[in-house]
Amino acid sequence: MPIPSHLTPADIAAFGSEIEAIRNEVMASRGERDARYIRRLLKVHRYLEIGGRLAIYASLALLPQWGHALAGWAFFWPVMVLGVLTLGAAKILENMEIGHNVLHAQWDWLRDPEIQSGRWEWDHVCPSDQWKHAHNVKHHTWTNVLGKDADVAGYGLLRLFSGQRWKPFNLGNPLWALLLAVFFEWGIAIQELELGRVLQGRMKWSSLRPMWLRTRAKILRQMRKDYLLFPLLAGPFFFYVAGANAVANIVRNLWTYLIIFCGHFPMDVHVFTKAEVENESRAHWYVRQLLGSCNIKGGKLFHIMSGNLSHQIEHHLFPDMPSNRYGDVAPRVRALCAQYRLPYNTGSLTRQFGTTVLRILRMSFPGYSPMLDGPPPARPQRPRKVGDAATSA
């Protein structure tokens, strides 16, 4: 879908200038308030992770012995579930509000070696340097451009827009979406490897091998941590701890998937062709970021646990702005959208996820969906042959 036709080049330039002014004002005002925010989050994350792992180990002492009444499990499960959910919350916080935003260089200005984008390695099977290239460079540069943005192409697995060619494989959209949600960190790592290009013969394995070796090393590191070292500390209860860590990772994956999909794929989100972004100015880029993103309404805790990607519009406009400022600038961005008659796609989690699920289901089948993607593109007219007019007469 192209830039809204009511905007003149002067309108687009003016909108871009006002967005730039907001960014410059906030970036110039960064200070102690922001430093306290991120350092407090780092402490909270450590407490959550330590507390979650200790609760998992503590639950093992409550396991009923063989021959005891089944009621003994009533003491074990609450503590184990508490530990798993606390560890899952720690992983969510680390991936979303800390890791994702550190890797966007939002905190480089503090010059704190602990949270520098070039040194941070997150709790994820995808190496941070590979993710930064695919996400910061490709996704944020080419947001919602078919053939350029791998995210909008359903992570190489899903059909999410009418502009994507339908294949029988897409009948499995609901199943692929569920598997992607459960194993989301693995889906991201595989997407960054671009294995599909090797299978299609568009890339040689030798070109991909160095990236694969880095990914393999990171996968082994994550597997050793969650499925070997921490479980070994539990001795004979190895599999209880390994299972608890696996469930905590799935909790993180499901939440991350939910927030990211609700920020990119609900109803009324715009998608673009390569031709529509040729010779694009910075101001045009701002308009495209706005049209290709969706916000989710919620409270302060919800915004923090979503990595402030509940302010996806503001994140796409200002990817290197400290995430704790998105809530401050959101009303100003929304007012600008009203001034220039641009859509500001925001809604409840229920609305955004519901229409995302509708999109996944509808795109399982061939054809266009006017409700989700707007009217189909006009087909070029077939040139008339000599005699056509006489025939039609």
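I looked up Asp328 and found it partly exposed, at 42% relative accessible area (buried is under 20%, exposed over 50%, partly exposed in between, with a 1.4 Å probe and protein chains only). Arg33 is also partly exposed, with a value of 42%. The model is predicted: local features need pLDDT of at least 70 and side-chain atom pairs 80 or more, while totals for chains, interfaces and linings use all residues. Residues are numbered from 1 along each chain as its sequence is written, and side-chain values use heavy atoms, without hydrogens and water.

I checked the pairing of Asp328 and Arg33: they form a salt bridge, with the closest N and O atoms 2.7 Å apart (a side-chain nitrogen of Lys or Arg within 4 Å of a carboxyl oxygen of Asp or Glu). Asp328 lies in helix 13 (residues 326–339) and Arg33 in helix 2 (residues 32–60), 295 residues apart (helices are DSSP runs of H or I, at least four residues, numbered from the N terminus). By this rule I count 17 salt bridges.

Next I took Arg46 and Glu114, whose side chains meet in a salt bridge at 2.2 Å, N to O. Arg46 is in helix 2 and Glu114 in the loop between helix 3 and helix 4, 68 residues apart. Both are partly exposed: Arg46 at 37%, Glu114 at 37%.

Last, I looked within helix 2, where Arg53 and Glu49 lie four residues apart, about one turn of the helix. Their salt bridge is 3.4 Å, N to O. Arg53 is buried at 6%, whereas Glu49 is partly exposed at 23%.

Conventions: Helix = DSSP H or I, 4+ residues; strand = E, 2+ residues; numbered from the N terminus.
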